[in-house]
Amino acid sequence: IAVLGVGNVGRPLVGFLLQKGVSKIVAGDVSADAVAATQAAHGSDPRVSVRVLPKGDLSFFGEAVDILSPCGYGGCLNDTTIPLIKAKIICGAANNQLLDPHTDYGMHAKGIMYVPDFVCNRMGIVNCANEQYGQVGPCGSFDDPRITIHLGREWPNALFNIVKEVFRLAKEQGITTAQAADRLSDKFVRECHPIWGHRSQQIIDALVAEGWASPPKAL
C-alpha cells in the first residue's frame, strides 16, 4: 500500500495497516517534519519505507502497489497522475481528490477501483458530530459502540456496506464510482433525520432566500 501524505491522518493509518499485517507500506510526504515523525514512529519496521517527496515529483503515483491511499492534498487525481498509477484500488482520506469532480479521468475504463473520498473518510465528521453526546472509553479507542458500528459489517450503513453499494450501483448503471456515490448521497439527503426531520433542507432554503449564493453587492 502506498500512503501519500503522512500527517495527522496518514501517519496513524500506517500504524493501523501494520497492525492488520500489511506486507509492504510505501509512504511519502512533501513535509520533511511529517516524514521524520513517521520514521520515528514506524521506521524501525522493515515493512515500512518512507521518504520526502520533492514538490513536482509525481513518481510516487507510479509505485508498484495494490492500493494507493491519498491522505494529503486535494486535486491529486487528475489527467497527469492517473496514467502513472499502477495500483488497482484507490482509497484514501484526502478531501476532494479528483481535480475535476465531474470526471474520473479514465479510472473506470482502466480497471481502477476508486473509492470516493467522502464515502470512506467520514469518521472524522462522525466523531465531531458525536462529541456532544459524550464518548464511551478513552479517546481514540474502539470502545464506543456508536463508533464501531460504522466499522463493522452488520449495520446497513457501515462503511464496508456503503462501499459495496457504491460499486454495485456503478456496475449496475454503467457509471463511475464517483457518480454512483453522488447518486447515493442524493438519495440519503432526501431522507428525514430521525430527530430533526428535514432541517437541512430548511437551512438550504433559508440561505437561498437570503441570497447567500448571489454575487456580493458592490460597495
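Tutor: What follows is a set of questions and answers about a predicted model.

Student: How do you know that strand S3 and strand S6 are edge strands?

Tutor: Six strands form an open sheet with parallel pairing, in the order S3-S2-S1-S4-S5-S6. Strand S3 (48-52) and strand S6 (113-115) each pair on one side only, and they are the edge strands. Neighbouring strands in this sheet are turned against each other by 15° on average, with direction ignored.

Student: What makes strand S4 and strand S5 a pair?

Tutor: Pairing needs at least two bridges between the strands. Two bridges join S4 (residues 67-70) to S5 (residues 89-91), and these strands run parallel, so by the cut-off of at least two bridges they are a pair. In this stretch, Ile67 stands opposite Ile89 in S5.

Student: Why are the buried residues of helix H2 said to line one face of the helix?

Tutor: The buried residues of H2 are Ala34, Val35, Thr38 and His42. Seen down the axis of H2, they fall within an arc of 100°, so they line one face. In an α-helix there are 3.6 residues a turn, so residues three or four places apart point the same way. The exposed residues Asp33 and Ala40 are carried on the face of H2 turned away from its buried side.

Student: What do the buried residues of H2 pack against?

Tutor: They pack against helix H1 (10-19), S2 and S3. Helix H2 (residues 32-42) lies across strand S2 (25-29) and S3, and it runs at about 160° to S3.

Student: How do you know that the span of helix H8 agrees with its number of residues?

Tutor: Helix H8 (residues 177-189) has 13 residues, which at 1.5 Å a residue should span 18 Å, and its end C-alpha atoms are 18 Å apart, so the two values agree. Its buried residues are Thr177, Ala178, Ala180, Ala181 and Leu184. They cover an arc of only 155° around the axis, which puts them on the same side of H8. These buried residues pack against S6, helix H4 (117-120) and helix H7 (159-173).

Student: Why is Asn161 called buried?

Tutor: Asn161, which lies in helix H7, has a relative accessible area of 18%, and because buried means under 20%, the word applies. Not counting residues up to four places away in sequence, Asn161 touches Arg153, Glu154, Trp155 and Pro156. A polar atom of the Asn161 side chain lies 2.7 Å from the backbone oxygen of Trp155.

Methods. Residues are numbered from 1 along each chain as its sequence is written. This is a predicted model: local features need pLDDT of at least 70, side-chain atom pairs count only at pLDDT 80 or more; totals for chains, interfaces and linings use all residues. Side-chain values use heavy atoms; hydrogens and water are left out. Helices (H or I, at least four residues) and strands (E, at least two) are DSSP runs, numbered from the N terminus. Axes are lines fitted to C-alpha atoms, for helices over the stretch in contact, and angles run from 0 to 180 degrees between N-to-C directions. Contact means heavy atoms within 4.5 Å. The expected span of a helix is 1.5 Å times one less than its number of residues. Buried means under 20% relative accessible area, exposed over 50%, partly exposed in between (1.4 Å probe, protein chains only). The arc is that of the directions from the helix axis to the C-beta atoms. A polar contact is a pair of N or O atoms within 3.5 Å; within protein, one must be able to donate a hydrogen and the other to accept it, and residues adjacent in sequence count only if both atoms are side-chain atoms.
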